[in-house]
Amino acid sequence: MTRSFKITVPASSANIGPGYDVLGIGLSLFLELEVSIDPKQAHETNADANNCKLSYTPESEGYDSVPLQSDANLITRTALYVLRCNNIRSFPCGTKVRVHNPIPLGRGLGSSGAAVVAGVMLGCEVGKLNYSKQRMLDYCLMIERHPDNITAAMMGGFCGSFLRDLTPQEVERREIPLSEVLPEPSGGEDTGLIPPLPPTDIGRHVKYQWNPKIKCIAIIPAFELSTADSRGVLPKAYTTQDVVFNLQRLAVLTTALTMDPPNPDLIYPAMQDRVHQPYRKTLIPGLTEILSNLTPSTYPGLLGICLSGAGPTILAVATDNFEDIALEIINRFAKKNVQCAWKLLEPAYEGATVEES
Ligand SMILES: Nc1ncnc2c1ncn2[C@@H]1O[C@H](COP(=O)(O)OP(=O)(O)OP(=O)(O)O)[C@@H](O)[C@H]1O
Ligand SMILES: N[C@@H](CCO)C(=O)O
């Protein structure tokens, strides 16, 4: 049986200010996997322990750094996890995966979320599991535990999501670390373990409307900040005042971004945050002044500005003057000796897709 198909998954920006671990926007920057399965090509793929020949286009972000062993690379390791849950030990003979990744790694544009979604879809396709997107989300959330990037990448558009409370038995099933079900990349013994299927409906979401006049400007510093490190600087507890500050703005922001004409006097203050951005300023030079000094009155067209995900990328939502806004932020980072690139992006409304090729 030969088959070829293409998996496409959007980047994402999470939090959008007050929506820490809640809000995410799928963005028009796409991770692509060209997959072919041909047993006659087995001679090309059997060098890998799991029958998978993985390669990246040279222009891919991470081309020089991501591992190509199928049990080490985040995309294929995720696919193997999905297969192992269904008692399928490896990829079909002759599986080749060619990745094109334009999403910068460790910048707050959901590169890991896109990789996990792509991996789950890859496992579902090669394992012929016929899962719905909602069921695939359960597998994603076993690996990336905050739902905002994953949901926006899988479902597309502007999403709000939460994790349901799990029973103690479900928590136990969920806490099995990936390292216990897959051999360590160093070639450790295959545990032979069949991991339990994930609990169902771990994540729930809604897709909001979005005013299409609103575009997303991503200003991308030239340094990586891992999500784990960026989450590590957050406090374990918050005052009632700070929690209410975010709750109030979150409730207003999700509707304000759908209104036409967009109201900067509503969106700008509604994009402020007291849960994560104040604590992450130590990791991102210039963050505080960038978030406070660029306002709709000083930059007509600007609606709101925030840290994209765990950073360091800055997300500005605007209806006009995109380049002026981007260059001002780039200049402020340059004064801190931080070089940046920038991209003008739109919401990716469809989310992750699979197409036969
Ligand atoms: N296309 C990819 N192929 C393989 N591994 C990837 C890919 N994209 C991301 N990763 C892995 O995910 C890591 C980055 O994940 P991390 O969560 O730290 O940042 P991010 O997802 O880019 O940002 P954020 O989660 O804040 O949006 C990379 O260092 C790499 O290990
Ligand atoms: N909500 C997550 C998003 C990571 O992209 C965080 O801010 O850590």
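How far does a polar side-chain atom of D21 lie from a nitrogen atom of ligand 2? The separation is 2.5 Å. This is a predicted model; local features need pLDDT of at least 70, side-chain atom pairs count only at pLDDT 80 or more, and totals for chains, interfaces and linings use all residues. Side-chain values use heavy atoms, without hydrogens and water.

**Ligand 2**
- N15 has a side-chain N or O atom 2.8 Å from a nitrogen atom of ligand 2.
- R280 places a polar side-chain atom 2.8 Å from an oxygen atom of ligand 2.
- The protein covers 98% of the 260 Å² of accessible area that ligand 2 has on its own (Shrake-Rupley method, 1.4 Å probe).
- The surrounding residues (a heavy atom within 4 Å) include H146, D148 and T227.
- Domain 1 (3-205 + 348-356) and domain 2 (209-345) both give residues to this shell, so ligand 2 lies between them. The domain bounds come from an automatic or database domain assignment.

**Ligand 1**
- The shell around ligand 1 has 21 residues, and Y56, G110, S111, S112 and T227 come nearest.
- Y56 puts a polar side-chain atom 2.7 Å from a nitrogen atom of ligand 1.
- S111 has a side-chain N or O atom 2.5 Å from an oxygen atom of ligand 1.
- Alone, ligand 1 exposes 630 Å², of which the protein buries 83%.
- Domain 1 and domain 2 both supply shell residues here too, so ligand 1 lies between them.

How values were computed
Residues numbered from 1 in each chain as written. Chains lettered and ligands numbered in written order. Polar contact = N/O pair within 3.5 Å; in protein donor to acceptor, adjacent residues only side chain to side chain.
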